[in-house]
Amino acid sequence: MKVKSILVSQPKPITDSSPYFDLSKKQKVKVDFRPFIHVEGLTAKDLRQQKIDLSKFSAVVLTSRNAVDHYFRLAEEMRFQVPDAMKYFCQSEAVAYYLQKYIIYRKRKVYIGGKTFADLTPLLKKHKELNFLLPSSDTLKPEVVKIMNGEKLNWKRAIMYHTVCSDLSDLTDVKYDILVFFSPSGIKSLFENFPDFKQEKTRIAAFGKTTVTAGKKMGLKIDIPVPTPETPSMAMALEKYIKEVNNKK
């Protein structure tokens, strides 16, 4: 069955250089965007209930741009002036670059990992004397906890925001040939919004092992699992799949 329409469960890209726009143009398919989940920040009261005192930490471990935003938002809400001596351990260059929204880079101690949290391990080990705060959502990859505990670091997790399912009720009668997911939370949102969802001829694309697993647990057939050695990105995987099915005679 040919693919004519795709729904990507993420916000629409803000730049015209997105590979999804190229995909739509080249393969002549409709690509829509709709976030299935969104982030809501917790309050200073919520943080105090976790017995978090921001002044007790000499370093912050940042795994995402959301973590950056909500750390500084709550610091301001709690009237905590982040000291110049604060050290920042960023999971990736993208997170470190985003940090410049809040700090003057050249005046701060910023340590940058690679792509995965494990890439930060050598840097964290070098600074075992620090008290680490790890701002996070209500969901945290087990790998992060394993590494922080495994290195016997003095650290504490602070839940500063949580991921909630978006209202998708306006999509009730809208059908797509492919639904694209990037997290277990997106799968959860699908079934919270549409408890009676039946896959039928809809193809499912899922990025990452945890997303694939979550989909299968809900009884979905994952037609396009990503990444693979041949298709490391979602856009590449979709293009390969569409070429195969749309060119069948």
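How do the residues of the lining of the second largest pocket divide into nonpolar, polar and charged? The tour ends with that pocket.

**Before you start**

This is a predicted model: local features need pLDDT of at least 70, side-chain atom pairs count only at pLDDT 80 or more, and totals for chains, interfaces and linings use all residues. Residues are numbered from 1 along each chain as its sequence is written, and side-chain values use heavy atoms, with hydrogens and water left out.

**Stop 1: the sheet**

Select β6, β5, β4, β7 and β8. These 5 strands form an open sheet in the order β6-β5-β4-β7-β8, with parallel pairing. Strands here are DSSP runs (E, at least two residues), and helices are runs of H or I (at least four), numbered from the N terminus. Two strands pair if DSSP finds at least two bridges between them.

Go to the edges. They are β6 (109-112) and β8 (154-159), and each pairs on one side only. Neighbouring strands are turned by 25° against each other on average, direction ignored.

Now show β5 with β6. They run parallel, joined by 4 bridges. Pick Phe89: its bridge partner in β6 is Tyr111.

**Stop 2: the cores**

Select Leu54, Leu62, Tyr71, Tyr88 and Met160. Of the 28 residues in the largest nonpolar core, these touch the most other members. Such a core is a set of buried Ala, Val, Leu, Ile, Met, Phe, Trp, Tyr and Cys residues joined through side-chain atoms within 4.5 Å. Buried means under 20% relative accessible area (1.4 Å probe, protein chains only).

The largest share, 6 residues, comes from α3.

Then move to Val3, Leu238, Tyr241 and Ile242. They are among the 20 residues of a second, separate core.

**Stop 3: the largest pocket**

Select Gln10, Ser64, Lys141, Phe182 and Ser183. Of the 49 residues that line the largest pocket, these are the closest to its centre. Its volume is about 2500 Å³. The lining divides into 22 nonpolar, 19 polar and 8 charged residues. Helices α6 (142-150) and α7 (184-193) are among the elements that each supply at least two lining residues.

**Stop 4: the second largest pocket**

Select Val174, Lys175, Phe197, Lys198 and Thr202. Of the 19 lining residues, these lie nearest the centre of the second largest pocket. Its volume is about 450 Å³. Here is the opening answer: its lining divides into 10 nonpolar, 3 polar and 6 charged residues.

Definitions and conventions:
Buried < 20%, exposed > 50% of the residue type's maximum accessible area, 1.4 Å probe, protein only. 1 Å grid on protein atoms, 1.4 Å probe; cavity = no way out; pocket = protein on both sides within 12 Å on 5 of 7 lines; lining within 4 Å. Points joined across faces, edges and corners; volume = space filled by probe spheres on them. Nonpolar A, V, L, I, M, F, W, Y, C, P; charged D, E, K, R; others polar. Axes fitted to C-alpha atoms, helices over the stretch in contact; angles between N-to-C directions.
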